[in-house]
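The following note sets out numbered points for a colleague's review. Please read them alongside the sequence and the coordinates.

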Amino acid sequence: MTSTTSEPVDVTTSSLYLDGFPHERFTAMRETPGLTWHPYGDAGFWAITRHADVKEASKRPADFSSGIGHTNLWDLEPDALEARRSILDTDAPDHTRLRRLVSKAFTPKAIRVWEDVTRQITCELLDDWMEKGGGDWVAEVAAPLPIRVILTILGVPVEDADYLVEISNYLVEGTSDKPSLPADAYGNSTELRLLPFQSPASHALYEYGEQLGAKRLADPQEDMVTMLVQLEDDGDRLSHNEYRNFFHALVFAGNETTRTAITHGAMAFADNPDQWQRILDDPAMVEPGVEELLRWATPVLHMRRTATADTELAGTPIAAGDKVVMWYMSANRDEAVFDDPFRFDVGRDPNPHLAFGGGGPHFCLGAFLARMEVTVLVQEMRKRNMVLETRSPAVHAPSNFVHGVLAAEMGVSHG
Amino acid sequence: MGENDAADDDAAHEDAADDRVTLTLDAEVCIGVGQCELLEPDVFRLDDDENISAVIGEGRLPRDRAEAVVDKCPSSAIQIAGD
């Protein structure tokens with residue numbers, strides 16, 4: 001690697017994210033030709049900030065690997081990477097095999113099956129929340145909605161849901177680098193560095209997933225865990241480690257990301273009442289409104305890749321082994337692609353946002369599920385003629401990885 | 001897309017007819033996302049068992065729509081024949 005001549009800009013310190021995403025730093029980086037170098041830990045990374053460059057890196061998986069080091073900023077030791085390796089940290093041909101095995105559960109057709117139960121969960125949560133006149137949107141609507149949906153889809157029995165919600169909340173805390181559980185919580189005896197998010201909650205989730213998988217293998221049901229344990233593709237199936245890391249990834253990714261999207265969406269509707277009114281006035285605005293919500297929220301701020309050989313991107317030479325980091329939020333505010341990118345416009349068309357990634361084989365597996373959940377929520381808010389108002393400033397997660405919001409007090413009235 | 005349609009309807013129609021291209025899909029690369037069938041259900045079908053998409057029929061589309069579906073395919077499995 002080589003360093004650029006200009007002074008490196010810090011974009012990783014967690015406190016920079018306390019008031020939300022530090023947009024002004026990234027706007028300046030988008031205006032800088034080529035890629036910018038940022039020191040981080042022992043090495044550093046190239047920041048990819050423009051829409052076209054994020055797409056290009058995403059679609060060059062042979063040059064920019066997911067399977068080397070880690071897909072987060074920091075490298076994992078080889079044994080930790082092996083233990084924690086999920087579908088996210090895998091290259092072809094292993095990735096192609098894994099993705100094909102699981103993707104049939106996430107096609108548009110497969111997801112439609114879950115729309116009715118999603119609507120039922122959404123209605124319950126919204127009705128309760130409206131009856132008490134609002135409150136913390138994150139804790140009372142945005143968090144329970146996706147976790148209840150993903151647990152229903154996976155086939156987690158109702159009586160276990162509270163336990164799973166508790167575990168997954170610890171994982172979400174884990175993304176803000178604040179370990180709040182003792183290392184031996186949930187009977188954990190695994191070294192923390194070998195667990196996702198270095199959290200004993202991951203041990204609990206592994207263990208739960210293994211037990212549920214064993215039950216479903218013996219007594220199959222109409223749910224996704226049954227499908228995962230029964231998967232066969234020319235005699236191929238998920239290994240034990242693949243299964244438990246996939247179960248873990250589903251519970252986490254099906255939870256945190258949609259929670260974040262729904263929260264930023266609600267905040268944007270409260271802050272831009274004219275835009276929400278357009279949706280109230282016209283059901284045809286729901287679909288483009290959902291896409292704008294996704295662009296606005298960009299729940300996952302970045303993913304990292306590692307160069308497999310000396311190469312080049314955006315005119316910048318990249319050395320084998322260099323880390324490159326694709327900043328989706330920056331791409332989603334790229335002036336070259338989006339007119340007036342900092343304006344929330346529910347009628348935006350076209351809206352080629354990269355909230356689900358820049359394409360390529362790691363394109364968000366849950367994209368159609370997330371779209372369905374957010375669409376159902378917006379439809380039901382509209383049906384209830386809900387008008388949200390901000391009661392106190394949102395509390396942002398101090399994270400450079402997820403665009404998390406910890407609390408958002410809101411009131412509600414009828415429009 | 002479509003900005004000039006109203007202004008020059010006949011010419012646009014003729015151009016669109018001339019501009020049709022043939023799409024191909026590499027089954028070895030497809031990861032079964034289902035994006036193509038969602039965009040162009042008359043041209044692509046995702047097989048429920050194999051979980052791999054295929055071109056159904058002649059696989060012909062106007063170039064702009066063909067390019068959109070090529071761009072949206074996450075695994076870059078779709079190509080325009082001759083490009």
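1. Chain A and chain B together bury about 1400 Å², and 50% of this lies on carbon and sulfur atoms. Buried area here is the accessible area (1.4 Å probe) that two parts lose on being put together, summed over both. K59(A), R100(A) and K109(A) supply 34% of the area that chain A buries against chain B, more than any other three residues. The contact draws on 16 residues of chain A and 21 residues of chain B, contact meaning heavy atoms within 4.5 Å.

2. The model is predicted, so local features need pLDDT of at least 70 and side-chain atom pairs count only at pLDDT 80 or more, whereas totals for chains, interfaces and linings use all residues. Residues are numbered from 1 along each chain as its sequence is written, chains are lettered from A and ligands numbered from 1 in the order in which they are written, and side-chain values use heavy atoms, with hydrogens and water left out.

3. Two salt bridges are found across the interface of chain A and chain B; the rule asks for a side-chain nitrogen of Lys or Arg within 4 Å of a carboxyl oxygen of Asp or Glu. K59(A) pairs with D71(B) in a salt bridge whose closest N and O atoms are 3.9 Å apart.

4. Over all chains, the whole structure contains 31 salt bridges. In chain A, the side chains of E210(A) and R244(A) form a salt bridge with an N to O distance of 3.3 Å. Because E210(A) belongs to helix 10 (residues 200-218) of chain A and R244(A) to helix 12 of chain A, the pair ties together parts that are 34 residues apart in sequence. E210(A) is partly exposed, at a relative accessible area of 27%; buried means under 20% relative accessible area, exposed over 50%, and partly exposed in between (1.4 Å probe, protein chains only).

5. R343(A) and D340(A) also form a salt bridge, with the closest N and O atoms 3.0 Å apart. R343(A) is partly exposed at 38% relative accessible area, and D340(A) is partly exposed at 45%.

6. In chain B, D19(B) and R63(B) form a salt bridge, the closest N and O atoms being 3.9 Å apart. D19(B) lies in the loop between helix 1 (9-18) and strand 1 (20-25) of chain B and R63(B) in helix 3 (residues 63-72) of chain B, so the pair ties together parts that are 44 residues apart in sequence. D19(B) is partly exposed, with a relative accessible area of 32%, as is R63(B) at 24%.

7. Helix 12 (residues 240-271) and helix 14 (residues 286-297) of chain A pack at about 105°, with axes 9 Å apart. Helix 12 of chain A is therefore roughly perpendicular to helix 14 of chain A, a class covering 65 to 115 degrees. Axes are lines fitted to C-alpha atoms, for helices over the stretch in contact, and angles run from 0 to 180 degrees between N-to-C directions.

Key
Helices (H or I, at least four residues) and strands (E, at least two) are DSSP runs, numbered from the N terminus. Angles under 35 degrees count as roughly parallel, over 145 as roughly antiparallel, 65 to 115 as roughly perpendicular and the rest as oblique.
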